[in-house]
Amino acid sequence: SLMVIAGNLLLFFAAWVMTRLGLHHLLLHYHHRAAAHRAAWTKFAISRLGDAFLIVALVLTYRTFGTFDLVVLFEQVESLANSSALTPVHAAIAWFLILGAVTKSAQFPFHIWLPDTMETPTPVSALMHAGIVNAGGYLVIRMSPLITLAPKSMLTLALIGAFTACFAGV
């Protein structure tokens with residue numbers, strides 16, 4: 001819920017990290033089982049990668065736009081989109097946001113931890129799939145003004161999502 005109401009990228013990131021930490025502890029519910037530790041630590045490693053992608057996106061965003069406030073940021077992005085002053089940094093921000101979202105939402109190839117979570121109790125799995133894994137999708141929706149500055153990143157995201165869905169179906 002904190003991610004949803006965050007009007008600031010730093011608060012959004014703090015909520016992002018808290019969900020990851022919460023999931024890590026939930027995955028270790030049966031702490032005496034080796035499979036639970038394997039699932040938790042695999043997810044932990046992939047989450048670190050997603051955090052790194054998001055941190056790079058935040059740093060680039062602040063250096064480029066000078067703010068973490070979403071209202072101010074989106075106003076600047078709107079005026080930028082109407083001009084032709086797009087730079088490679090704008091595209092890099094979009095790509096790093098996409099990479100952060102893909103890792104958080106367990107898309108291919110960052111899905112390897114997901115089957116191991118069957119070791120957890122059903123309520124943990126339900127919470128994970130109903131909210132925490134959807135955080136990547138929420139990131140894409142919330143940051144869509146920035147992401148649309150790089151249309152190829154959106155195409156890549158669609159291809160990754162389609163491949164993940166087909167792969168999961170098989």
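**A surface patch, a helix and a cavity**

Helix α1 supplies the largest share of the nonpolar patch, three residues. In this predicted model, numbered from 1 along each chain as its sequence is written, local features need pLDDT of at least 70 and side-chain atom pairs count only at pLDDT 80 or more, while totals for chains, interfaces and linings use all residues. Side-chain values use heavy atoms, with hydrogens and water left out.

The patch is formed on the surface by L2, V4, I5, L11 and M18, with about 460 Å² of accessible area together. The elements giving two or more residues to the patch are α1 (2-5) and α2 (9-27). Patch residues have over 30% relative accessible area and no salt bridge, and nonpolar side chains are joined within 5 Å. Within helix α1 sits I5, which counts as exposed because its relative accessibility is 67% (exposed is over 50%, buried under 20%, with a 1.4 Å probe and protein chains only).

Turning to helix α5, residues 88-104 reach 24 Å from the first C-alpha to the last, close to the 24 Å expected at 1.5 Å a residue. Buried residues of α5 include H90, I93, A94, L97 and I98, as well as T103 and K104. Just after α5, A106 takes a positive phi of about 60°.

Lining residues have an atom within 4 Å of a point on a 1 Å grid where a 1.4 Å probe fits but cannot get out. Helix α3 gives the most to this lining, with five residues. The volume of the largest cavity is about 30 Å³.

Key
Patches are made of residues with over 30% relative accessible area and no salt bridge: like charges are joined within 9 Å, nonpolar side chains (Val, Leu, Ile, Met, Phe, Trp, Tyr) within 5 Å. Accessible areas come from the Shrake-Rupley method with a 1.4 Å probe; for residues, only the protein chains shown count as cover. A salt bridge is a side-chain nitrogen of Lys or Arg within 4 Å of a carboxyl oxygen of Asp or Glu. Helices (H or I, at least four residues) and strands (E, at least two) are DSSP runs, numbered from the N terminus. The expected span of a helix is 1.5 Å times one less than its number of residues. On a 1 Å grid over the protein atoms alone, a cavity is a set of points where a 1.4 Å probe fits but cannot get out, and a pocket is an open set with protein on both sides within 12 Å along at least five of seven lines; lining residues have an atom within 4 Å of a point. Grid points are joined across faces, edges and corners, and a volume is the space filled by probe spheres set on the points.
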